[in-house]
Amino acid sequence: MTHLPGTYESYWMETGTGPEHPSLTSGLEVDVAVVGAGVAGICTAWELARAGRSVALLEGDRVAAGVTGYTTAKLSAQHGLLYAQLRKSLGVAGARQYARSQQEAVEHVDRVASELGIDCELERVPGYTYAESREAVETLRAEADAAREAGLAASFVSETGLPFPVAGAVRVDDQAQFHPRKFLLALVADLVERGGIVHERTRIVSLDEGEPCRLTTEGGREIVAGDVVVATHYPVFDRALMFARLEPHRELVIAAALPADEDPRGMYLTQEQNTRSVRTAPYGEGDRLLIVTGEKFRPGVGEVSERYEQLAAWTAERFPSARITHRWAAQDNTTTDRVPFVGLFHPGSRHVYVATGFGGWGMSNGVMSGRLLSALITGGALPWASLYDPRRLHAREAPSLLKAQGSVLKHFVGDRLRPSHADAVDEIAPGTGALVRVGGRHCAVFRDEKGATHAVSGRCTHLGCLVLFNDAERAWECPCHGSRFAVDGSVLQGPAVRPLEPRPLPEPAHTDGADESEGPDGTD
């Protein structure tokens, strides 16, 4: 990979700091336990505390430091080319409910930031979905009509603030962009002031849906709660078979200093060129921070370093004055009908709720989820509850569901039949990783710059798919459901909750073609 300038870290993580919270060291009993402290979990816990419930917010790592800390932080009801599809699949009324719920989320953040005096760099700007190809103009016109009919301030335009011509765009006014960690860490502080409990480094590994519910941590501690919210981005419990209706995807992000007078003044998105998203943020005297996102791919597939180079080249071509300062990556899951799952976890649930499948629009959907889940738990009502109900299953989902599961099956079976990525451990170059069959087992082996090898099981602990190496981020990724692991096997991102087990390497290392040691369930 050509060395890219800048820091490999999220700008939001670097500039939005907050206090640490203790891990759970004893049993705990509360009205509601919220598992996962990203935007959805934080907003849900805060809304519930404000409603008078005793709440515990439980996070396996650090608060607002997972997917939420690596977002592009667009706060918008405009979600690409979606409203024409919603009008067709849900009808005009359904599309209006979706638009209303999302726009109210935008206004809610603005209102709460003002009420609590949160300086989160919130700016009200228009959102644009654009295309450079003339062939896309009619699609954009149809989307503008559908979004306007759904109640958004939408219009078709042929000019934008971008420094290059477009064939057309859907413009939606009254949207917003902000610093997500500055907003969310302030909510967490207010949550604690209201009596809420926050525990970091507290990974939940089991759930008993009784009355009351019981959660168990990795360290064996028990949390008793009347209600439970699973807000772990990808649900860490599979009892609803939700993994069959979610498809993970990952996108790369490059941030660069840009002269303030070149600010395109808006949030932009195109599905062309494997997705390009553009926004800016405040960044020192005379500059704005240009944030460019794109190169969408499924975790565990594709040359990530090459994708970074392509995104950097696009940024340099379109914004010649930009000076790269940061780079990072974002991940999300999309449901089979492109509408998030927010509500009771499965048909048998009475006290367990879930929020997932935000499709790349986690900020508005996370805020919407907090409001909706709080209403459901406290006996309130919001008119769009049935729209997001996870227990729905429509015939229109079938093609997308079959496509998603076909991709999973391809990796689950096909990856077992392919040769290993390296024939021997000795072939792995410093700074890289590969799957190798060692003693009849698939091992995920990383070699550091000093030549030392780090070997772990090559089977994802979620459902047993083979992990693959992300060369740019130095992580093992599962292409089936998106779990991610560090080179030492520790969990970076669920749905997996258990690490990849260490694997000893014989001296000297050898490989063979057998695979008798692998169990029928994908473990080894």
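This is a predicted model: local features need pLDDT of at least 70, side-chain atom pairs count only at pLDDT 80 or more; totals for chains, interfaces and linings use all residues.
## Overall make-up

The chain has 524 residues, and 57% of them count as buried. Its secondary structure comes to nine helices and 25 strands.

Among contacts with a separation of 6 or more, 70% join residues 24 or more positions apart.

## Helix α2

Helix α2 covers residues 39–50, twelve in total. From first C-alpha to last, α2 reaches 16 Å. That is close to the 16 Å expected at 1.5 Å a residue.

This helix is mostly covered, with eleven of its twelve residues buried. The buried set runs from Val-39, Ala-40, Gly-41 and Ile-42 through Cys-43, Thr-44, Ala-45 and Trp-46 to Glu-47, Leu-48 and Ala-49. After α2 comes Gly-52, which has a positive phi near 95°.

## Helices α3 and α4

Helix α3 spans residues 83–116, and helix α4 spans residues 137–149. Their axes come within 10 Å and cross at roughly 15°. Angles under 35 degrees count as roughly parallel, so α3 and α4 are roughly parallel to each other. The crossing of α3 past α4 is left-handed.

On the α3 side, the contact involves Tyr-83, Ala-84, Arg-87, Val-92 and Arg-96. They meet Ala-142, Glu-143, Asp-145, Ala-146, Ala-147 and Glu-149 of α4. By class, this contact has six nonpolar and five charged residues, with no polar ones.

Note on methods:
Residues are numbered from 1 along each chain as its sequence is written. Side-chain values use heavy atoms; hydrogens and water are left out. Axes are lines fitted to C-alpha atoms, for helices over the stretch in contact, and angles run from 0 to 180 degrees between N-to-C directions. Helices (H or I, at least four residues) and strands (E, at least two) are DSSP runs, numbered from the N terminus. Angles under 35 degrees count as roughly parallel, over 145 as roughly antiparallel, 65 to 115 as roughly perpendicular and the rest as oblique. A crossing is left-handed if the near helix is turned anticlockwise from the far one by less than a right angle, and right-handed if clockwise. Contact means heavy atoms within 4.5 Å. Ala, Val, Leu, Ile, Met, Phe, Trp, Tyr, Cys and Pro count as nonpolar, Asp, Glu, Lys and Arg as charged, and the others, Gly among them, as polar. The expected span of a helix is 1.5 Å times one less than its number of residues. Buried means under 20% relative accessible area, exposed over 50%, partly exposed in between (1.4 Å probe, protein chains only).
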